[in-house]
Amino acid sequence: MHAPERLDGLRVVATPDALDHAWFEGDVVVFRIAHDEVIAFGAVVAEVPDEHAIVERETAFVGWGLSYPEFDDLVARHVEWPLPTERPALAQGMAAGLPVKLWFEHDRVLLVVSSGFAHEVVERFRLPAFAESVKKQDTRRMRA
Amino acid sequence: MRFALDDQPVDFVDGDSVAVAVVRSGQHPQHGGALCLTGDCGNCSADVDGVPFTRTCLTPARPGLRVRRHPAVGGPPLQLDAPKNPVQSPVHAGVEVHRRHVDVAVIGAGESGTAEAARLRADGREVLVLDSGNGDDVVGVYPGPLVVVRTPEHMLHVHAHEVVIATGAAEVHPVCEGNMLRGIVLAGAADLLRSKGVDLGTTVTVDIAELARFEGDDGRVSRVVFADGRTEACDTAIVASRTKAPRDLLARMVSDPNVRVVGPAAQRFDLPPAPVDGFVCPCSKITVGDLQMVWDKGFQHLELVKRAALCGTGTCQGGVCMPHLRSFVSDKQGVEAAPFTGRPASRQLTIAEAAADVFLDPFRRSALHDEHLKLGAQMDRFGGWWRPWNYGDAMREYWAVREGVSLGDVSTLGKMIVTGPDVVEALERLYPTTIADIRPGRSRYVLLLNERGHLIDDGMVCRESDDRFVLTFTSGGAAFAEAWVRDWIDTWGLDVRIMDRTISHGAINVTGPLAGALLQRVGVAEPPKFLQHRHAAVAGIDCHIMRLSFTGEASFELHHPVAHSVELWQALMEAGRDMNITPHGLQALFALRLEKGHVIVGMDTELDSTPRRLNMDWAVKMDKPDFIGRTALARTADLPDRRRLFGFTMDGPAPTEGAPIYVGDRIVGHVASTFTSPILGTAVMLGWQKHEPWADTVTIDGRPATVAHTPFYDPEGARARA
């Protein structure tokens, strides 16, 4: 289990159709968090076919990469809702009273929260704290 | 093998429950009452290893257990082992919750439950069977449906598409004179005890319908008196009954189409004869006489009898008393009374079990949290965030703003970007202020009203281009405001894009007469003028600089990507070192804004505060064709309104916030905010008068106070514009 990493990317609000056809440059993981909103972690440039799209840099999230045994042991028991079985998949909701996003990959789960709740994640899930050395790597890209 | 019962050893054998071992030793787990040994009654409950009201019939005996009988009268003493420092107590309760998502949960592994589970599995359904005999003690069924289970290791929350309750039927307990004697067991319990090799001595078996009373010596049954007058001597009285009672407490807890009851639990049984004597509710020691008393007082419905007498509210939650209570009421009313509602929990839980995986609402930390701590900040919770209340000397912080330069962490403000072809139309409808005439690069203070014209939030509207705006909201109101804006724009069907930036952007307020000079030192050669805003690099960091003022001095809010908050804060602190730059917390901020007469929504306002009541009509343009709240404001404009927020001043120290405002002996309102202003040499207040005629002079804290115009400080606003 590793200390969390700050997730840097782009947040985009646009028409749903435009988001369906959006293109992001970079080593990108795209969270479709709403029909009209995505967060593209790792993205530095976005092309979105919507002249009114809002494209903003997003640095407000941190993520813990967990193996499935770690996830089952520390996080899953706090999740009241059914977890997705397909991979990859994004799930969002409350866990241990915190708003979380869960990114299920084939070999790990990324637990993502806003950085303002990072201390609560540490307490409630007993996960490693946000190390100072990591905190300074604010431009570090998340690798999928 | 032995355990301790009231500090005396009790032998047991493998497979014994605590209750069986206690009975084998010739004792009773409580002080009397019929035993069912199936968990239906509370007559065997005791304190086990410090946990009171534990059903000893469901507790396997093991060496070292400490069992203590509850007092014969009253309840067990409360164990008040409070943590030494409640604030620092661990957030984790001692009990974990595990969760399972299943297709069907079947509660009960008896005949009906087993058959139903087999049928469901044959249909290809995933079935989880829960049974107390296997350690799965179901304590509640909730909408969802959700089944809450206590296991020996942890709490288990089962989220099922369907719940089948197959808990069977229970034997009916005897209610008659002498029914709280020791040595009375139900037929099933007698069978169990015999199978465990317990010597019951001379036994007499009596059908509940033929039972008149029990008689005994020294608290133990010695004779059974039948209804026909016969008397038989015994060591143990065994009560059999032809009728039963459905074990349907769980079913009565929830009304959910995905919860169904099968088998005897769903069956209708004849009620026993109406009780005439004895304890109906052994748990709460309620007698038939008690029922009659509440009935005579007018509580003539089963639910009312239950509430008035507390019959059915004890350990067994009606497991013993329900058929007799129903029979009592049915006999009075002449129609069969339906069972009362069931409510979780069906089993006694410890606080740790009940609170397992329940967490307090979380409070966010801004990215500057650690910086505040390094500077000695006293942190407190406001509006869902941890915020600096002060840095050890609120007056020093106050003077830094008034005379020098100060930083405030306003990252907590609500922030939102809105764009789109209909964005102006949307904002015109959302706000009572004119939006269309705000030029790009300009900003305007706005109120947010609800349909009743009541103030729900306030903030700024900053226009960036023809079709792009940045909105701000209060820290505490941000989440609601976001939902408000989204809901209305969705409802109107307007073509607008909305991006919330509350957590994504940090914001630092640089304020004080030297604020502009400080910004020049960090790369902003020409800071924006009052109510202007623009994007610029500050100490190399891209910021959206908003010039406004809440403190009454020149103020520049620097909105920036939250990842750069620490870097920006440190750069500003370093650049202002020779200016004696000092950060300020909320304590100073509340004082500074009060001198300016700025209201804080939720602190100075009430749930039904209109702009008129707040003297903020100037922020409402009734000549606009429409905005949320306009109809209500127009309708009430000519109506009398007794409530008004006033500014007050008085000599001496400021009174406590919330202090009553008197005119003569009459309380006419209360003080909302107070501060002893060092720069004005007087106490300043915002307070409500709620009775007309409004007075110019009032009494607060036993001293005269005078209505005063706001702003108290710099009424022309020259300092904010400087």
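Among contacts in chain A between residues at least 6 apart in sequence, what percentage join residues at least 24 apart? In this predicted model, the value is 62%. Chain A contains 4 helices and 7 strands, and their order along the sequence is β-α-β-β-β-α-β-β-β-α-α. Of the 144 residues in chain A, 57% are buried. The chain exposes about 6100 Å², and 50% of this area is supplied by carbon and sulfur atoms.

Chain B is divided into three parts: domain 1 covers residues 2-68, domain 2 covers 364-592 and domain 3 covers 595-721. The centres of domain 1 and domain 3 of chain B, taken over C-alpha atoms, are separated by 66 Å.

In soluble globular proteins, nonpolar side chains tend to be buried together. The largest nonpolar core in the model has 28 residues, and those touching the most other members are L407(B), V510(B), L518(B), L519(B), V538(B), L558(B) and L572(B). Two or more residues are given to this core by each of several elements of chain B, namely strand 31 (505-511), helix 12 (515-521), strand 32 (533-538), strand 33 (541-548), strand 34 (555-561) and helix 13 (565-575). Helix 13 of chain B gives the most, with 5 residues. Leaving out residues up to four places away in sequence, V538(B) touches L519(B), V522(B), V524(B), C543(B), I545(B), L558(B), L568(B) and L572(B).

One residue of chain B, H454(B), was considered individually. H454(B) is placed in the loop between strand 27 (443-449) and strand 28 (455-465) of chain B. Is H454(B) buried or exposed? The relative accessible area of H454(B) is 14%, so this residue is buried, the cut-off for a buried residue being under 20%. Apart from neighbours within four places in sequence, the contacts of H454(B) are with L448(B), L449(B), L607(B), D608(B), S609(B) and T610(B). H454(B) and T699(B) lie 245 residues apart along the chain, and their C-alpha atoms are separated by 29 Å.

Key: Residues numbered from 1 in each chain as written. Chains lettered and ligands numbered in written order. Predicted model: local features only at pLDDT ≥ 70, side-chain atom pairs only at ≥ 80, totals over all residues. Heavy atoms only, no water. Buried < 20%, exposed > 50% of the residue type's maximum accessible area, 1.4 Å probe, protein only. Contact = heavy atoms within 4.5 Å. Domains from an automatic or database assignment. Core = buried A, V, L, I, M, F, W, Y, C linked by side-chain atoms within 4.5 Å. Areas by Shrake-Rupley, 256 points an atom, 1.4 Å probe, with all protein chains shown as cover.
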